[in-house]
Amino acid sequence: MDLKSNHSSPVLADPVPLSKSRLGLPSNMTPFSPAAAPYSSSGLFLQIPRRKVGKLDDVRANSWLDAMKASSPPRKKLNKDFISESQSDETDAAYRTWMMNHPSALTAFHQITAYAKYKKIALFLDYDGTLSPIVDNPDHAFMSSAMRAAVKDVAKYFPTAIISGRSRGKVNEFVRLSELYYAGSHGMDIMGPIRESQSVDDHPDCIRTTDEQGKEVHLFQPASEFLPMIDEVFDSLIDITKDIVGAKVENNKFCVSVHYRNVDEKMWEEVGKRVFGFINDFPRLRVDHGRKVLEVRPIIDWNKGKAVEFLLESLGLSHRDDVLPIYVGDDRTDEDAFMVLRESNCGFGILVSTVPKETKAFYSLSDPSEVLEFLKSLVRWKKSVALQTEDYMTAI
């Protein structure tokens, strides 16, 4: 990865092409390359035309309402309480078919460790829905003590980072582990390790500072100029949604999250109408869909996939054949990271989901309990490899 600057706007250049046989992936899991997004070559900012008001407004409204519903599927366990047995069987059959193309990372663990043999794993984790369950109140998305212990253990053996849509400070408060690296606001606020790298040190939005433990770190914030605008939008969205029962607006520093998980579904259209209508006056912001949340973000060429690339560069793990990045996440915003690993063919994504979804991940896990077991399995495997190596060295 090569980080370059053009005046004041940083650009993350495309990675060096890698051999398609690098991972030795089976034929039914070969990477694909969707059409490139229309990113501006002059910097991070995308040139997005202003929406024109006209007779297609109703069509557009239906489009984003459909997207809100599609991005917020009911949990599989809840489905069975409200649908017929035949419909439940059809849902289970669809999920089993989907898993043929996205097998469980637990049942395919031997395959994953075969890829990882003689390689250094770098682990990237989403937070909500991955390390913690999805809860009605986002302020109560606490991870279990067992999960915290597992993440702490896995960080002893592998470089580990959490990349979340939450603000970096908020997810740090939830996790409370100094062994990790943190990227908040979908990767727009990264605190990573110090490494002598000219491409990182010379980046205009990257500075050297110290963390809470006094350790020197890199702080990378490519959307820092948006902070006043985000604060303004946050205050305004609180005001315009305050009369919608269940709506909650969260300031995640470089993005604003409008949660509608506790809003009556009949009012979802009203939530979307107010949010999209308001953001229409901010041409440098966009609205993305998450799991019962609308994310208001700056229009810059930066996402969780770019954050993975930046962290790999900071860790000194870019462009190496002996590195296997693994990304575990559950949301649409994690697809950017899955795509980076799939297209570079240097690692793979694991989607956490109980329902079939279109995804660029190779493997799947059903819920945080399976994520916990996967992390524990990684630690057990690494300890076993270390013990075998120690026995071999003793024997010779």
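The protein contains 12 helices and 15 strands. The structure is a predicted model, and the values reported below were computed from it. Of the 396 residues of the protein, 52% count as buried. Among the contacts with a separation of 6 or more, 65% are accounted for by residues 24 or more positions apart.

Two cavities of 30 Å³ or more are present in the structure, and the volume of the largest cavity is about 380 Å³. A total of 27 residues line the largest cavity, and those nearest its centre are Asp-128, Ile-134, His-259, Val-293 and Asp-331. Strand 10 (256-259) and strand 12 (293-298) are the elements that contribute two or more residues to this lining. Classification of the lining of the largest cavity gives 12 charged, nine polar and six nonpolar residues. The largest cavity lies between domain 1 (88-187 + 303-395) and domain 2 (226-298), because both domains give residues to its lining.

In helix 6 (residues 168-175), the buried residues are Arg-168, Val-171, Phe-174 and Val-175. When helix 6 is seen down its axis, these buried residues fall within an arc of 125 degrees and therefore line one face of the helix. The cover over the buried residues of helix 6 includes helix 5 (145-157), together with strand 4 (160-163), strand 5 (181-184), strand 6 (189-193) and strand 8 (216-220). The residue that follows helix 6 is Arg-176, which has a positive phi, near 55 degrees.

Helix 11 (residues 335-344) is mostly covered, with seven of its 10 residues buried. The buried residues of helix 11 comprise Glu-335, Ala-337, Phe-338, Val-340, Leu-341, Arg-342 and Ser-344. Helix 10 (304-314), strand 13 (323-329) and strand 14 (348-352) are included in what covers these buried residues. Asn-345 follows helix 11 and has a positive phi, near 55 degrees.

His-186, a residue other than glycine, has a positive phi, near 60 degrees. The position of His-186 is in the loop between strand 5 and strand 6; strand 5 is also among the elements that cover the buried residues of helix 6, as is strand 6. The relative accessibility of His-186 is 2%, so this residue counts as buried. For His-319, likewise a residue other than glycine, phi is positive and near 55 degrees. His-319 is placed in the loop between helix 10 and strand 13, and both of these elements take part in covering the buried residues of helix 11. With a relative accessibility of 43%, His-319 counts as partly exposed.

A further loop residue, Ser-132, was examined through its contacts. Ser-132 is located in the loop between strand 3 (120-125) and helix 5. Its relative accessibility is 0%, so Ser-132 counts as buried. When neighbours within four places in sequence are left aside, the residues in contact with Ser-132 are Tyr-127, Ala-141, Phe-142, Met-143 and Pro-368. Helix 5, at one end of the loop that holds Ser-132, is also among the elements covering the buried residues of helix 6.

How values were computed. Residues numbered from 1 in each chain as written. Predicted model: local features only at pLDDT ≥ 70, side-chain atom pairs only at ≥ 80, totals over all residues. Heavy atoms only, no water. Buried < 20%, exposed > 50% of the residue type's maximum accessible area, 1.4 Å probe, protein only. Helix = DSSP H or I, 4+ residues; strand = E, 2+ residues; numbered from the N terminus. Arc of directions from axis to C-beta. Contact = heavy atoms within 4.5 Å. 1 Å grid on protein atoms, 1.4 Å probe; cavity = no way out; pocket = protein on both sides within 12 Å on 5 of 7 lines; lining within 4 Å. Points joined across faces, edges and corners; volume = space filled by probe spheres on them. Nonpolar A, V, L, I, M, F, W, Y, C, P; charged D, E, K, R; others polar. Domains from an automatic or database assignment.
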